[in-house]
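Thanks for coming, everyone. Let me put it up.

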Amino acid sequence: MNVGMIMTPALITITCDEPMASAARRMRSARIRHLPVTDHGRLVGMLSDRDVLEVPSPEGEPAIDQETGLPHVARDFMQSALEPIGPEDDVASAAGILLHRRVGCLPVMRSGSLLGVLSDVDVIRAYMEACREEPAVRALDPFVGQVMTREIVSVPTDWPVDASLRLAVRERIH
């Protein structure tokens, strides 16, 4: 199975100079967790829902950069170290990159053009469909105990939610 068969087409993007508040609204309204960032039509980064959580802003207020006094923009928080994959790439190899890099999605590109994104959810969905359709795949299905994360991070019950979210972002907890 190749990436092009299961990727999500990149229909929604944001430019690098758009405010983070716009990114948050766009992600919320489209119910997506990753947003490709472009500059003059060229992919330059990726924003995740976790990047949006890192933006310092009082409740209901626009996020303002304390140094410039201007709103924070996508460029300020995007991840620019991207590892693009192609639509013909093998899904198993792409899943390995997702795991190794500990990222939630990879841009899918051909000849410098963004075609879509491959997210961890796309991979899980494809695996679930393969298990339903192929008894041989279902036979390989491991038990939860064999694949679960054993490192547990906890916070006290009296911790503020924003501190807990910052810890989750810093520790890259999914």
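Let's start with helix α9, residues 161–170, where Ala163, Ser164, Leu167, Ala168 and Val169 are buried. Before I go on, please keep in mind that this is a predicted model. So what do those buried residues of α9 pack against? They pack against α3, which covers residues 49–53. And if you step just past the end of α9, you'll find Arg172 with a positive phi of about 55 degrees.

Okay, on to the strands. There's an open sheet here made of three strands, in the order β1-β6-β5, with antiparallel pairing. Which strands are at the edges? Those are β1, residues 8–9, and β5, residues 105–110, and each of them pairs on one side only. Between β1 and β6, which is residues 113–119, there are two bridges, and the two strands run antiparallel. If you want to find that pairing on the screen, look for Thr8, whose bridge partner in β6 is Val117.

Now for β3, residues 34–39. How many of the residues in β3 are buried? Five of its six, so I'd call β3 mostly covered, with buried here meaning under 20% relative accessible area. β3 pairs with β2, residues 14–15, in the parallel sense over two bridges. Thr15 has Thr38 of β3 as its bridge partner. β3 also pairs with β4, residues 42–48, where six bridges join the strands and the two run antiparallel. On that side, Pro36 has Met46 in β4 as its bridge partner. β3 and β4 make a hairpin with two residues between the strands, and in that hairpin His40 takes a positive phi near 55 degrees.

Let's back up a step, to Arg33. Arg33 is in the loop between α2, residues 20–30, and β3. Is Arg33 buried, partly exposed or exposed? Partly exposed, with a relative accessible area of 32%. Leaving out neighbours within four places in sequence, Arg33 is in contact with Met27, Leu47, Ser48, Asp49, Asp120 and Val121.

Ser22 is buried, at 15% relative accessible area. The Ser22 side chain makes a polar contact with the side chain of Arg25, at 3.3 Å.

Last topic, the charged pairs. Side chains of opposite charge can pair when their charged atoms come close. The structure holds six salt bridges, and I'll show you some of them.

Here's Arg33 again: Arg33 forms a salt bridge with Asp120, with the closest N and O atoms 2.5 Å apart. Why say this pair ties parts of the chain together? Because Arg33 lies in the loop between α2 and β3 while Asp120 is in helix α6, so the link is between parts 87 residues apart in sequence.

Next, Glu88 and Arg110, whose side chains meet in a salt bridge at 2.5 Å, N to O. Glu88 lies in the loop between α4, residues 74–77, and α5, and Arg110 is in strand β5, so this pair ties together parts that are 22 residues apart in sequence. Glu88 counts as exposed, at 52% relative accessibility. Arg110 is partly exposed, at 42%.

As a reminder, an α-helix has 3.6 residues a turn, so residues three or four places apart point the same way. Asp122 is buried, with a relative accessible area of 3%, whereas Arg125 is partly exposed, at 43%.

Definitions and conventions. Residues are numbered from 1 along each chain as its sequence is written. This is a predicted model: local features need pLDDT of at least 70, side-chain atom pairs count only at pLDDT 80 or more; totals for chains, interfaces and linings use all residues. Side-chain values use heavy atoms; hydrogens and water are left out. Helices (H or I, at least four residues) and strands (E, at least two) are DSSP runs, numbered from the N terminus. Buried means under 20% relative accessible area, exposed over 50%, partly exposed in between (1.4 Å probe, protein chains only). Contact means heavy atoms within 4.5 Å. A polar contact is a pair of N or O atoms within 3.5 Å; within protein, one must be able to donate a hydrogen and the other to accept it, and residues adjacent in sequence count only if both atoms are side-chain atoms. Two strands pair if DSSP finds at least two bridges between them. A salt bridge is a side-chain nitrogen of Lys or Arg within 4 Å of a carboxyl oxygen of Asp or Glu.
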